[in-house]
Amino acid sequence: MSIGKRVDNRLQENLNKFKRRVNICIERGDKENPTEHICFEMLRDLFGYDDEEIIGQVDINGDRCDALIKTDGKKRFIFECKKINEDLEKHVKQLLKYCASMRMSWGILSNAQTWQIYYFDLKKSPVQETLVHDIDLCEIRNDSFNRETLLYPFCKEAQDKDVKEDILLEINVLDERNITKLLLSDSILEALVKEMRRRFSFRTDVPEMRGIVRELIEKK
């Protein structure tokens, strides 16, 4: 994946600046307002969103989310910011509530240091949540690989390229349940039976091989 020189230059020029500022926030133990301020600056200067694309304090059934991000007239994600050093996990349900009310599947949580992308499968009951992407800004090295793989999914330019959707697809494809189903499928088991016979002159059949594979899976 090539993110383009203009985007890479923006990330390269701003990453170290924001790492220093976040570390200062950590040392001071900043509350939510100062943390929110730096997060909004990062959305603009690091991740490339224009001011008019960051719609702050959107009313959602009497509550207010920190921001709704729209680009090219499309709602991209709900953004929710918490104070520095805050454990984001306990706020996922809040983000889910906002996303469900807006009928949006994507949300971002941040405390300025940690940035997380969540996908909410609103078609399932209960709603299934997936942590799609998770970074610690202070630990990211300022090299092209890390800028491309770790920072780019949050960028404005990534939204039309289905970057976060591709990450989600990889997560789902490599899910343990999918791998288990694949290993126990007839086509894979038939291939194993043939290979066992070819390599070791060991004769078995698909039902017996299914039992062997299932036992191995359960032992892991």
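Within the protein chain, 55% of the contacts with a separation of 6 or more link residues 24 or more positions apart, where contact means heavy atoms within 4.5 Å. The model is a predicted one, in which local features need pLDDT of at least 70 and side-chain atom pairs count only at pLDDT 80 or more, while totals for chains, interfaces and linings use all residues. Residues are numbered from 1 along each chain as its sequence is written, and side-chain values use heavy atoms, with hydrogens and water left out.

The chain holds 8 helices and 6 strands, and these follow one another along the sequence as α-α-β-β-β-α-β-β-β-α-α-α-α-α. Helices (H or I, at least four residues) and strands (E, at least two) are DSSP runs, numbered from the N terminus. With a radius of gyration of 22 Å, well over the 17 Å that the globule rule gives for 220 residues, the chain is more spread out than a compact globule. Here the radius is taken over C-alpha atoms, and the rule is 2.2 Å times the number of residues to the power 0.38. The C-alpha trace spans about 70 × 40 × 35 Å along its principal axes.

Of the 220 residues, 43% count as buried; buried means under 20% relative accessible area, exposed over 50%, and partly exposed in between (1.4 Å probe, protein chains only).

Leaving aside neighbours within four places in sequence, Phe79 touches Cys39, Phe40, Leu43, Asp66, Ala67, Ile69, Ile108, Ser110 and Trp115.

Val132, in strand β6, counts as buried at 7% relative accessibility. Its contacts beyond four places in sequence are Trp106, Ile117, Tyr119, Lys164, Ile167, Leu168 and Ile171. From Val132 to Leu168 the C-alpha distance is 5.8 Å, although 36 residues separate the pair in sequence.

Leu137 sits in the loop between β6 and α4 (144–151) and, at 0% relative accessibility, is buried. Apart from neighbours within four places in sequence, Leu137 is in contact with Leu15, Phe18, Lys19, Val22, Met42, Leu46, Ala112, Gln113 and Leu151. Leu137 and Lys19 lie 118 residues apart in sequence, yet their C-alpha atoms are 6.6 Å apart in space.

The peptide bond from Ser125 to Pro126 is cis, with omega near 0°, and Pro126 belongs to the loop between β5 and β6. Gln57, which is not a glycine, has a positive phi of about 50°; this residue is in strand β1 (residues 54–60) and, at 37% relative accessibility, counts as partly exposed. Asn85, also not a glycine, has a positive phi of about 70° and lies in the loop between β3 and α3 (92–101).
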